[in-house]
Each structure stands twice: as C-alpha cells, then as structure tokens.
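This report considers aromatic ring pairs and surface charge in one protein model. Please consult the sequence and structure shown below alongside the text.

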Amino acid sequence: MAWNLHYRCDFQSKDLYYYSVYIYEQDYVGNTLELMGADVPFETQEDDDDDVFKPIRAQTGYLRVVDTDGTLLEQLMPVNNTEKMVQLVSWIEQKIKWQGFLQSQAFSQPWDGQKRVLEFPVKSFLGALEDTVMPNSIIGAKYSFLSIIDEAFKSLADGFFERL
C-alpha cells in the first residue's frame with residue numbers, strides 16, 4: 001500500500017512564513033484537492049501534564065478548514081485514527097515540521113449548506129502509537145525494546161518513509 005497525497009492546505013503564519021498541510025491516504029488515486037484554511041488553519045500543542053516522570057508527551061492539535069458547500073466533513077472524516085496522515089511542511093526549508101494523523105471523532109454539523117469552519121483534531125506519530133495493535137506473535141518472543149518501537153512506527157506509516 002502506498003500513501004498518496006489527497007488534500008493540500010496552504011497558508012501563511014503570523015510570522016509571515018508559508019506552510020502547507022498535506023493529507024495523505026493509502027492507495028488514493030486522483031487529483032490533489034485544495035482546502036481553504038480558516039483563520040488559524042493549523043495548531044498543535046504538546047501534552048503539558050505536570051508529572052515530570054510522564055514517559056511520553058505526545059502532541060495534539062487541530063486542522064481548521066472552511067467548508068463552503070457542506071460536503072467536506074464527510075470527505076475528510078477518517079474511519080480510524082491512522083487512516084489519514086498529516087504533514088506540515090515549510091515552504092522555505094522544504095522540511096517536514098510536524099507529522100501525525102487526523103483523529104476519528106464524532107461530529108455534528110447543520111445540513112443547511114452554509115459556509116462554516118470545520119475543526120479536525122490531529123495527533124502526532126508518537127501519540128498515534130496508542131492506536132497500533134501488537135501482533136500475537138510477539139508474546140513470549142525475545143525482542144529488544146527498540147525493535148518493538150520500530151515495528152510500531154512502521155505499522156503506522158506502512159511504506160511511507162521509503163519515499164522520503
């Protein structure tokens with residue numbers, strides 16, 4: 001399975017830098033669709049729990065886009081938390097600044113065809129590890145911790161990193 005670009009949202013930050021948010025889907029075939037960003041199109045924050053011993057501090061945030069005809073929510077809503085990969089890319093450096101997935105959460109939306117801002121929650125690759133399932137074959141086997149984490153990340157981005 002290959003990750004292919006389905007949606008793109010270009011915007012300018014408050015610091016006047018240009019960014020693109022790319023949304024990839026596995027085995028998507030077709031043109032890249034342009035999304036219109038809202039006032040604050042992309043925002044993330046790190047888990048700010050006061051526990052200094054918390055082992056993992058994942059990042060979460062929101063992708064905010066404008067839906068002009070009432071059809072975008074159904075198109076963008078993922079079936080699960082690892083179906084649609086998200087990347088934030090800087091135009092100047094041509095580097096990935098953030099990477100994760102759209103989260104699958106329940107939403108309600110009025111069906112009157114009005115223009116509105118939609119918020120889609122996102123979470124980082126590290127946070128998405130909680131959505132991976134370890135295979136039964138690993139039970140009782142001797143694996144290093146590094147190899148287990150490596151396999152978990154590979155299961156999230158199945159084949160994606162080979163393209164970077």
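The following paragraphs treat the aromatic pairs and then a charged surface patch.

The model is predicted.

| Pair | Distance between ring centres | Angle between planes | Class |
|---|---|---|---|
| W3 and F101 | 6.2 Å | 55 degrees | tilted |
| Y22 and Y24 | 6.4 Å | 70 degrees | edge-to-face |

The rings of W3 and F101 count as tilted because their planes stand at 55 degrees, and a pair is called edge-to-face when that angle is over 60 degrees. W3 belongs to strand β1 (residues 3-12) and F101 to strand β7 (residues 95-102), so this contact ties together parts of the chain that are 98 residues apart in sequence. Both partners are buried: W3 has a relative accessible area of 1%, and F101 has one of 0%. Together with F125, W3 and F101 make up one aromatic cluster.

For Y22 and Y24, the planes stand at 70 degrees, so the pair is edge-to-face. Y22 is buried at 14% relative accessibility, and Y24 is likewise buried, with a relative accessible area of 10%.

On the surface, a patch of negative charge gathers E46, D48, D50 and D51. One of these residues, E46, lies in strand β4, which spans residues 36-46. What is the exposure of E46? Its relative accessibility is 47%, so E46 counts as partly exposed; the term exposed applies over 50%.

Conventions
Residues numbered from 1 in each chain as written. Predicted model: local features only at pLDDT ≥ 70, side-chain atom pairs only at ≥ 80, totals over all residues. Heavy atoms only, no water. Phe/Tyr/Trp six-rings, centres within 6.5 Å; stacked < 30°, edge-to-face > 60°. Helix = DSSP H or I, 4+ residues; strand = E, 2+ residues; numbered from the N terminus. Buried < 20%, exposed > 50% of the residue type's maximum accessible area, 1.4 Å probe, protein only. Patch = residues over 30% accessible without salt bridge, like charges linked within 9 Å, V, L, I, M, F, W, Y side chains within 5 Å. Areas by Shrake-Rupley, 256 points an atom, 1.4 Å probe, with all protein chains shown as cover. Salt bridge = Lys/Arg side-chain N within 4 Å of Asp/Glu carboxyl O. Lys, Arg positive; Asp, Glu negative; His and termini not counted. Charge placed at Lys NZ, Arg CZ, Asp CG, Glu CD.
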